[in-house]
Amino acid sequence: MSLIPYSLSRSVLFRLDAETAHETTIDMLAKTQHSLLRRAYTQPFVDDPVTLCGLRFPNRVGLAAGLDKNARCIAAWEAMGFGSIEVGTVTPKGQPGNPKPRIFRLPKANALINRLGFNNEGLDAFVRNVQRTRPANSRSLLGLNIGKNASTPIEQAADDYLTCLDGVYPWADYVTVNISSPNTKNLRALQSDEALDALLDILMQRRATLAQQHGKDKPLFIKIAPDLEQDQIDLIATTLRRYGCNADGSHAGKLGVIATNTTISREAVQGMPHAEETGGLSGAPVLEKSNHVIRQLRAALGKDFPIIGVGGVLSGEDARSKLAAGADLVQIFTGLIYRGPALVHEAALALKR
């Protein structure tokens, strides 16, 4: 178990502005993850293996992308007990993201609003960090999350995704294609029927080529938004099945979906300080919105198509609600900020079968 109660760390961190607190935490984890000081945040690992997309996940709880954009702390996340760790989003070129301030806490709602905008050091630095910070005998699976540069026109977005896919493929257990952040202009347009079809066609062809080159199939996951209407979800599901299933309709093990990213809705936090800040809302207010999309996806995709549920997990009960909605695995982001590493152990135990 961790040696320092998270309530003490949180009381200090929450006195800082949200982005400073985040950067301070990442720096601390990066500096301590390969030393005995990692015992300060280590949690017992829950062994609960499940196979998804041909991969053996050691348990059902993963770290969502966004907390570790530059892949600096992979060993630290594993020490916390995550069965899978997703880092990024990475873009081909480094970019500063949107102007500060760009992260806001809404403590009364156990929520955050961010408009970071894919701030990261770029693909080359990202890959070096993956090689340096992933333990040699890692038991956790590693997902690498890719996106496009803000300066790249949406018509040329596929070029950025292909560049990133080529760069991360050798080091990933799976690759996530982020087309749902609300903080990069026009990015969510890639979720439309024709745009998604065109992007998946290109990416799946390149994935097949890379699988041949490296001698190993590595699945792609598509991360979608919670702010979708039923007809949009049905169209996305139809496209996913076309590329992710065999001719007989069975899942081919090469494609999955992550539901969901942050929401642009403010319905659940109206009147709270910072509620009107632009950006994506995450945390407790997104739980049911995300679960609603998961239920719709499961109904449209069938029982075998891989779904990872993310959004609003702040307890073991919240994690169970994701599986009840139809997810196979869950991921945690904002809950880790509000609850600390103990949430990983709690959620993994709650999901153990």
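These legends accompany close-up views of a predicted model.

**View 1. The largest pocket and its centre.**
Rolling a probe the size of a water molecule over the atoms shows where empty space is left. The largest pocket has a volume of about 930 Å³. Its lining consists of 42 residues. Nearest the centre of the pocket lie Ala21, His22, Thr25, Ile26 and Leu29.

**View 2. The lining of the largest pocket.**
Which elements each supply at least two residues of this lining? They are helix 1 (6-13), helix 2 (18-32), strand 6 (103-106), strand 7 (111-114) and helix 10 (334-339). Helix 2 gives the largest share, with 11 residues. By residue class, the lining of the largest pocket holds 23 nonpolar, 10 polar and 9 charged residues.

How many cavities of 30 Å³ or more does a search of the whole structure find? The search finds 1. The largest cavity holds about 370 Å³ of space. It is lined by 30 residues, and those closest to its centre are Ala65, Lys223, Asn261, Thr262 and Phe333.

**View 3. The lining of the largest cavity.**
Strand 13 (280-283), strand 15 (329-332) and helix 10 each supply at least two residues of the lining of the largest cavity. Helix 10 also supplies at least two residues of the lining of the largest pocket.

**View 4. A cis peptide bond at Gly88 and Thr89.**
Most residues other than glycine have a negative phi, and most peptide bonds are trans. The bond that joins Gly88 and Thr89 is cis. Its omega is about 15°. Thr89 belongs to strand 4, which covers residues 84-90.

**View 5. A cis peptide bond at Ala259 and Thr260.**
Another cis peptide bond runs from Ala259 to Thr260. Omega here is near 15°. Where does Thr260 lie? Thr260 sits in the loop between strand 12 (255-259) and strand 13 (280-283).

**View 6. Cys53, with a positive phi.**
Cys53 is not a glycine, yet its phi is positive, at about 55°. The residue lies in the loop between strand 1 (50-52) and strand 2 (55-57). Is Cys53 buried or exposed? Cys53 counts as buried because its relative accessibility is 9%, and buried means under 20%.

**View 7. Ala71, with a positive phi.**
Ala71 is a residue other than glycine with a positive phi, near 60°. Its place is the loop between strand 3 (61-63) and helix 3 (74-79). Relative accessibility is 0%, so Ala71 counts as buried.

**View 8. Helix 5 beside helix 6.**
Two packed helices are described by the angle between their axes and the distance between the axes. Helix 5 spans residues 157-168, and helix 6 spans residues 193-214. Their axes come within 10 Å and cross at roughly 20°. Helix 5 is therefore roughly parallel to helix 6, since angles under 35 degrees count as roughly parallel. The crossing of the two helices is right-handed.

**View 9. Helix 9 against helix 11.**
Helix 9 covers residues 316-325. Helix 11 covers residues 342-351. The two helices pack at an angle of about 45°. Their axes are 8 Å apart. Are helix 9 and helix 11 parallel or oblique to each other? They are oblique. Helix 9 and helix 11 make a right-handed crossing.

**View 10. Leu349 and Gly316.**
Leu349 is part of helix 11. With 46% relative accessibility, Leu349 counts as partly exposed. Along the chain, Leu349 and Gly316 are 33 residues apart. Their C-alpha atoms are separated by 7.6 Å.

**View 11. Val293 and Ala325.**
Val293 is found in helix 8, residues 287-301. Its relative accessible area is 1%, so Val293 is buried. The chain separation between Val293 and Ala325 is 32 residues.

Conventions
Residues are numbered from 1 along each chain as its sequence is written. This is a predicted model: local features need pLDDT of at least 70, side-chain atom pairs count only at pLDDT 80 or more; totals for chains, interfaces and linings use all residues. Side-chain values use heavy atoms; hydrogens and water are left out. On a 1 Å grid over the protein atoms alone, a cavity is a set of points where a 1.4 Å probe fits but cannot get out, and a pocket is an open set with protein on both sides within 12 Å along at least five of seven lines; lining residues have an atom within 4 Å of a point. Grid points are joined across faces, edges and corners, and a volume is the space filled by probe spheres set on the points. Helices (H or I, at least four residues) and strands (E, at least two) are DSSP runs, numbered from the N terminus. Ala, Val, Leu, Ile, Met, Phe, Trp, Tyr, Cys and Pro count as nonpolar, Asp, Glu, Lys and Arg as charged, and the others, Gly among them, as polar. Buried means under 20% relative accessible area, exposed over 50%, partly exposed in between (1.4 Å probe, protein chains only). Axes are lines fitted to C-alpha atoms, for helices over the stretch in contact, and angles run from 0 to 180 degrees between N-to-C directions. Angles under 35 degrees count as roughly parallel, over 145 as roughly antiparallel, 65 to 115 as roughly perpendicular and the rest as oblique. A crossing is left-handed if the near helix is turned anticlockwise from the far one by less than a right angle, and right-handed if clockwise.
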